[in-house]
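Have a look at it, then read on.

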Amino acid sequence: MSFASGSGSGSLWMEYAPGPARPAVDGPVETEVAVVGGGIAGLCTAWEVARAGHPVVLLEADRIASGVTGHTTAKLSSLHGLVYADIARIHGARAARLYAHSQQIALEKVAQVSEELGIDCDLERLPAYTWTEDPGQEEKLRKEAEAARTAGLPASYETEVPLPFPVAGAVRVADQAQFHPRKYLLGLAADLEVLGGRIFERTRVTGLKEGSPCELTTSTGHTVKAREVVVATHYPVFDRALLFTRLEPKRELVVAGPVPAGQDPGGMFLTWENNTRSVRTAPMGEDGRRMLIVTGEKFTPGTVDEGEVGQRYERLAAWTRERFDGVELTHRWATQDNMTTDHVPYVGRLHAGSRHVYVATGFAGWGMSNGVMAGELIASRIRGREPAWTSLYDPVRLRPVHEAPAMLRLQAQVGKHFIGDRLPGAHADSTADIPRGGGAVVRVGGRRLAVHRDEAGALHAVSARCTHLGCLVHFNDEETAWECPCHGSRFDVDGKVVQGPAVRPLEQMDVEEKE
C-alpha cells in the first residue's frame, strides 16, 4: 500500500507514552475483587470497585490499555449504527429506552470523571451520524431515527450532512463525544492505584476455580484468590455459559493521516455500506491540525485468502483518498470486536449458576460506551445493587425465536472449519511452497503444522490447531499472524497468544526444509 514516507504501522493511540510498567504476579495474591483484563471494561470496573472502597486487583496479560482498547476508533456515542430498531423489535420498546439511557450515562461518566480527575484526554463533544448514499435506504434510516428518538435520544433524520461528498440521508444525534482512550485510561489507572487498587501486567490468567473464594491461576503457576471475579478479556477466556455459540468475532481495518485545513467534517460518521465506513478526526497537536481516521472492510479473522487483507487496506485507502481530497495517509492498524446474536452486549453473571463471577463481552464495535457501562453495571452488582438495565444485558438471557437463525449460522461456520479445514489439499503441499513473508498449513508426519517463512528465509513452525477449541488456524500475511476462524484467537508466528479466547500458546514444532 502506498503510504507517506515515515508512516506508522500502528495505532495512533499507541504512540502515547505507555505509562509506568507494573509488575507481574510473582507469588500468591488475595483480594476481595479480581478483574481479569486491562482494557476499558476491566479498568472501569476496577476503578468503580476501588472507589466504592473494595480491595481490587487487576490482572492484564500484556500492558494495560494496549489491546483492543488501544486500537479502537474511540467514539463515545449512544448512536450505534442501526441498533435501536433491532433492539425494539427483539427486546421491546422499554429495552431500547434502557439501552439508550445506559449508553448516555456512560458517555457523561467519561466527561465527568475526566474533569474531576483532571485527565486531559482530548474529549470533544460532537454530533454522531449514521449515513447512507443510497436513496433506496432512506426509509431504513428514517425508521432508525424514529426508533432512537422513541428510545430517548435527541435523534433526527437529516439530508444535509457535513461530509465532503453527497449522501442521501442520515440519522443525527447531537452532543456525543470522542476522546483519546489511552490518555483517559492511563489517568484512570493512576487514580485506581491512589485508591489502593493493585495492577499487575504481563500476567496471563489461564485457570478459574469458582467457589468461596474463587481461585485464578496464572500461566506461571501463581494463584490469585478473590471473593468476586470479573472476566473482562474482550472475548471471554472462561466460557461456562457457552457464549462462544452466541458471539461472532469481526476484524476491521483502519487508515489515518493528516487532513488538510478546512476539511475536518466536525462529527463522527458511520455507514454500513461499502462493507462499513467509519469516519472521525482527532487533534494532532497545538497547531490545530487534525488527523482523519477511517475504519472499514469488516471480515471474520482467519477466513481471508492470501493477500486479501492487503487488498482490503488498498480499498479502504482508495475510498479515503477519493472522498477526502488531499489527505496523506500515514498510519494503518486493525481492530477486532465480537457481535452478539441479539444486538445487545453480555454483561453480568458468567452463567446461571455463577454467584461470584461476572463477564463483559459482545460490544459490537462500540466498546468505549459499553466498556464504561459494563464497569458501572458490574461494580453495582458487586455492591448488591441492580440498575434498571441489569436484565437487558444479562448474559444468561436467551430469546430463541430471534437468536436461533444467527446461532445456527455461527455453528454452521464453525463446523465448516472443524471439518472442511481438515480435508487434504486445503493448504500447502510442502514448506518449499511457502514464500518469504508467507505462511501455510502443511502436513508433516501426519500432523498439521502452521509454518511461516520470515523475510530472512527461516521457517517458524507451530501446531496448526488453536488451543481454544481445536480449529485449524489460517495465516494473515498482512499482519503476520495466525488467526482462528472459529472464535477469533490470534497468535504470532512463534505461537504466542496475541488475542484470546485462547490462553495457551501454539506448540512450537521442529520442521525441516522440504523440496
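Let's start with a facing pair: Trp482 stands opposite Phe491 in β23. Keep in mind that this is a predicted model, where local features need pLDDT of at least 70, side-chain atom pairs count only at pLDDT 80 or more, and totals for chains, interfaces and linings use all residues. Residues are numbered from 1 along each chain as its sequence is written, and side-chain values use heavy atoms, with hydrogens and water left out. Helices (H or I, at least four residues) and strands (E, at least two) are DSSP runs, numbered from the N terminus.

**The sheet around that pair**

- Strand β22 (residues 481-483) pairs with strand β23 (residues 490-491) in the antiparallel sense over two bridges; two strands pair if DSSP finds at least two bridges between them.
- The open sheet here has four strands, running β21-β22-β23-β24, with antiparallel pairing.
- At its edges are β21 (474-476) and β24 (497-499), each with a single partner strand, so one side of each has no neighbour in the sheet.

**Other paired strands**

- Strand β8 (residues 205-209) pairs antiparallel with strand β9 (residues 214-218) over four bridges, and a hairpin of four residues joins β8 to β9.
- Within that pairing, Lys209 has Glu215 in β9 as its bridge partner.
- On to the next strand: β13 and strand β14 (residues 290-299) pair in the antiparallel sense over seven bridges, and Ser278 stands opposite Thr295 in β14.
- Strand β13 (residues 277-283) is largely enclosed by the rest of the structure, because six of its seven residues are buried (buried means under 20% relative accessible area, exposed over 50%, partly exposed in between, with a 1.4 Å probe and protein chains only).

**Helices that pack together**

- Helix α3 (residues 93-117) packs against helix α5 (residues 181-194) at an angle of about 60°, with the axes 11 Å apart; axes are lines fitted to C-alpha atoms, for helices over the stretch in contact, and angles run from 0 to 180 degrees between N-to-C directions.
- That makes α3 oblique to α5 (under 35 degrees counts as roughly parallel, over 145 as roughly antiparallel, 65 to 115 as roughly perpendicular and the rest as oblique).
- From α3, the contact uses Lys109, Val110, Val113, Ser114 and Leu117, while α5 brings Tyr184, Leu188 and Asp191; contact means heavy atoms within 4.5 Å.
- The axes of helix α1 (residues 40-51) and α7 come within 8 Å and cross at roughly 35°.
- Among the residues making that contact are Ile40 and Cys44 of α1, and Met368 and Ile378 of α7.

- Arg381 lies in helix α7 (residues 367-382) and, at 14% relative accessibility, counts as buried.
- Beyond neighbours within four places in sequence, Arg381 is in contact with Gly348, Arg349, Tyr358, Glu386 and Thr390.
- Trp333 is in strand β15 (residues 331-340) and is buried as well, with 3% relative accessibility.
- Although Trp333 and His71 are 262 residues apart along the chain, their C-alpha atoms are separated by 7.3 Å.
- Not counting residues up to four places away in sequence, Trp333 touches a set including Gly10, Trp13, His71, Leu253 and Tyr313.
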